[in-house]
Structure formats: structure tokens, C-alpha cells
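Please have the sequence and the coordinates open while reading.

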Amino acid sequence: MALHLLTPPHLPHPSPTPSHLPRRRAIPSASLAHPLHFHSRLRFTAPVPGRRAMSSAIRSSLIDPDGGALVDLVAAPTRRAELRAEAEALPRVRLAPVDVEWAHVLAEGWASPLRGFMREHEYLQCVHFNSLRLPSGAVVNMSLPIVLAVGDADKDRIGAAPDVALAGPDGELIAVLRSVEIYPHNKEERIARTWGTTAPGLPYVDEAITSAGNWLIGGDLEVLQPIKYNDGLDHYRLSPQQLRDEFDKRGADAVFAFQLRNPVHNGHALLMNDTRRRLLEMGFKNPILLLHPLGGFTKADDVPLPVRMEQHSKVLEDGVLDPETTIVSIFPSPMHYAGPTEVQWHAKARINAGANFYIVGRDPAGMGHPTEKRDLYNPDHGKKVLSMAPGLEKLNILPFKVAAYDTVAKKMAFFEPSRSQDFLFISGTKMRTFAKTGENPPDGFMCPSGWKVLVDYYNSLQTEEAAPAAAAPATV
């Protein structure tokens, strides 16, 4: 399938379900308070040229995963005791929280066909070409380096050992990394090629690169057991395979993914609902929305994941989005804020999750310049890059129209340049300022129950900040 923008003359008409495959009716979404349970996993095999991989019972996906098969790096239950015993005897590397998030991403196949932290030849292709060439000659997109840094002491302790054990921040064993390769970590080159700048103040750089070791270690990953965070949100963390299973159960003939790291306002909802309407007009019968908030590292002033998930649940409870045609799930990747480079990763990962349409808007994965008063990236470049990126040709890119608050209609609406004076743009920063100060946004900006979640969160922060000041002894 060629990559194209959402214009009816160019999009392929959906093919009917093959007669030998049973049709599946859409099922209601599980409540956000009740996890979806999955008791079986489809197994993917290499696709036959010209055909999509099929399960013997139902369609396995609408789009093939990169490399033809989803990677699953979690050890089978019957092997876990043996693997743990092996890991106990190996040299050990302690992971930072962001490293654990990347191990999670790799283990579930979001980065398929990558099978572990990058070795040098994979790293070089990634940072120089934003892609990987497979042994078959095929090219898959890979725009962000998924690497593990180690220090001099780690390198000396590993020595010539072919395998190492990986432990979490608390020392608990997580995985084994096999046939390891250690190579120099040129931080300046990595930062410059990923972000296009080495300016100070890049959030991910400060969190995960500046203080990291001067070496990178790559190898094949085998994870002891599924990675869990025990934060009350694990039931939202559906793997690519679980999402594909759910799309099949709902009989989806199109899946459109929406990545976000902010609360959902009515402008977002307008966009998502309008996208579904347009897909229906183009002949699709059951388009399913994957509302896919990013759940890994985010910068300090972003709304925390638990608050965002509660806010998203209110959006569905209030009917702003239809629970029967929406799947809410957490994408476990850390956030880089690397603009057009990072948005390719976001799109590629959704291919592996089974989405065949990806919504992209203004300044995706962008941020303000850390030292200057301007955007770090041209806000239009993200969607332009996605339309040309190597390895993303099979994904349909859906650039959306700009939504703003219509002061005449008193609701979020698509911006009309001919009456620009009637529209109010409420940025994420302005939205957070409203919530912090207790000022209500215009009616129709966000569902009231969702807005209350944000106000309550910022009120709790102010209470926490005031408590130490109230407890401090008075000075004379």
C-alpha cells in the first residue's frame, strides 16, 4: 500500500472480508476501570509475498508488522526459572528508569524487527539514515536510537563475557542481553543527529544522556517476564499483539491512531470524530480509533500519566468519544521531544501495533527552543517528513486541520481563515495556566468532568507546595 495523505482520490478502497473468514461485530470497549483480558496470542509467520499474514481463524492485522513478524522477547513461563538462574551468574548492569521503559518497548515488539538494544551497525544506520536495512534488503524505519549506555566500571566488569544480566533500578533482575557488543557512546553526535541541536536544556538529554556512560552495549534481549509498573495502570498497557487481537475482535477494517501526551480537549475530539466520519464516507465500515497516550518519560511540566488517564476516562464517560469505537491504551515509549525525527518513531511503532492510519498535526513531538523564544522545529515539517520517510510507505498519513475555539459558535471548530477574528487559540501552556489559577476555559473547550480532573490535580500541587511553607518556623 502506498503512503498518501487523506484525500479520497488516492486512498485505497477497503477490501471486503474474505468469505472464508468469519465477520466480527464491534464489541463495547471495556470500561477504563476494568482491564481488558487476553487469554490467547496470535502467532505471526513470515508473510507470503502479495498477501497479508493471516490467522487460521481471523484476520491477524490490517497492516503487516515491520519485518513481517512481531518480535516477542519475553521468555515463555516454562523457561523463566532457568533463565533467572542463568542471569544470577552473569555480570550485571543496573538500568535507569528510562532504560526499563526501552526494555519494555523492545520486549513487546514495538520496535520490530529489532531484537534488543542496538549494536553499532544498527546504531549507525539509525542515526545516519533513520532506517535499518534487513538481510532481505528491505528497509524499515528506525529514527530513534534504542541504546543502553554503560560506564567504564561496567565495561571493565563485563570484560569478555558474551552475555550480561540487566537489573532494574531496585536491583531486581529484568533480562539477559546476549552476544553483547560494546562500542563508544559519542554523545555529541547522538544529540546533534537526533535533535538537530546541542543546545542545553533538552529534557531527554538531561534525563538520560548527559550523565550516562561513555559506552553503549548492544545485544539480543531476553526478558524474564512481562514488565509491569504496579501503578494501577498496567491494564492499559496493551502490547502490539494484544491490540491486534482487539482490533480483530472488533472487526475493524481501518485503525487510526492518535498519539498524545496532553489531556484531550474538544478540539482533539472534533479531529478524531471527523477523521472517523471521513473514513466512513470513503467506504470503510468499522474504523476504530486507537487513542494512544505516551506513557514513558515526559518533561517535568507535562501533566503526569495517571492524571491524563483519569481525564481520558472522563472524555469517554461523557460520550465526547464513543467507547464502542475507541480503544484507550498506553504507549510505553519515553518522549524525546525530537520533532520530525521522533514522529517517525511514533508512526513506525503504531504500524507494529496494527494501525494502518496515523493522525499527525502541527509540530508533532515538538517543543519550544530551550534557550530561545521560538519553536525548536518548523511546525509543518513533521507531517511533511512522514509523507516521505523511508520505511513508512505502507502507512496512511492523516494530516489534520487546525481546530480552535469558535467564539461565535461557542465550541471548538475547525479554523476558518476568512473569519480569523472569531477564533481563540488555547495552547497547552495556556490550558495548564487556566487549571493552575482556577480560571475556567470557555464553555465547550473541554468536557466539565475532564476539566475538573485537571483543576483538582493542580490544586493538589498547590496544597503540597504550601504545606512546607506553613510548617517552616517563623524568623525574627
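Leu221 touches Leu73, Ala103, Leu106, Arg115, Gly116, Phe117, Leu166, Ala175, Val176 and Leu177, leaving aside residues up to four places away in sequence; contact means heavy atoms within 4.5 Å. The model is predicted: local features need pLDDT of at least 70, side-chain atom pairs count only at pLDDT 80 or more, and totals for chains, interfaces and linings use all residues. Residues are numbered from 1 along each chain as its sequence is written, and side-chain values use heavy atoms, with hydrogens and water left out.

**Overall content**

- The protein has 13 helices and 15 strands, which are DSSP runs numbered from the N terminus (helices H or I, at least four residues; strands E, at least two).
- Of the 476 residues in the protein, 54% are buried, where buried means under 20% relative accessible area, exposed over 50% and partly exposed in between (1.4 Å probe, protein chains only).
- Among contacts between residues at least 6 apart in sequence, 75% join residues at least 24 apart.

**Nonpolar cores**

- The largest nonpolar core has 82 residues, and Phe117, Leu166, Leu221 and Trp345 are those with the most contacts inside it; such a core is a set of buried Ala, Val, Leu, Ile, Met, Phe, Trp, Tyr and Cys residues joined through side-chain atoms within 4.5 Å.
- Helix α2 (residues 97-108) gives the most to this core, with seven residues.
- In soluble globular proteins, nonpolar side chains tend to be buried together.

**Helix α2**

- Eleven of the twelve residues of α2 are buried, so the helix is largely enclosed by the rest of the structure.
- The buried residues of α2 pack against β6, α6 (203-209), β7, α7 and α10 (339-352).
- From first C-alpha to last, α2 reaches 17 Å, close to the 16 Å expected at 1.5 Å a residue; the expected span is 1.5 Å times one less than the number of residues.
- Gly109 follows α2 and has a positive phi, near 90°.

**Sheet and hairpin**

- Five strands form an open sheet in the order β1-β5-β6-β7-β4, with mixed pairing; two strands pair if DSSP finds at least two bridges between them.
- Strands β6 (residues 173-184) and β7 (residues 215-223) run antiparallel and are joined by eight bridges; Glu181 has Gly218 in β7 as its bridge partner.
- Helix α1 (residues 80-88) lies across β1, β5 (164-167), β6 and β7, and runs at about 50° to β6; axes are lines fitted to C-alpha atoms, for helices over the stretch in contact, and angles run from 0 to 180 degrees between N-to-C directions.
- Strands β13 (residues 403-406) and β14 (residues 411-414) pair in the antiparallel sense over four bridges, with Met412 in β14 as the bridge partner of Tyr405.
- Four residues separate β13 and β14 in this hairpin, and Lys410 in the turn has a positive phi of about 60°.

**Asp234**

- Asp234 lies in the loop between β7 and α7 (240-249) and counts as buried because its relative accessibility is 17%.
- The side chain of Asp234 reaches the backbone nitrogen of Asn230 at 2.8 Å, and one of its polar atoms lies 3.1 Å from the backbone nitrogen of Tyr229.

Terms used. A polar contact is a pair of N or O atoms within 3.5 Å; within protein, one must be able to donate a hydrogen and the other to accept it, and residues adjacent in sequence count only if both atoms are side-chain atoms.
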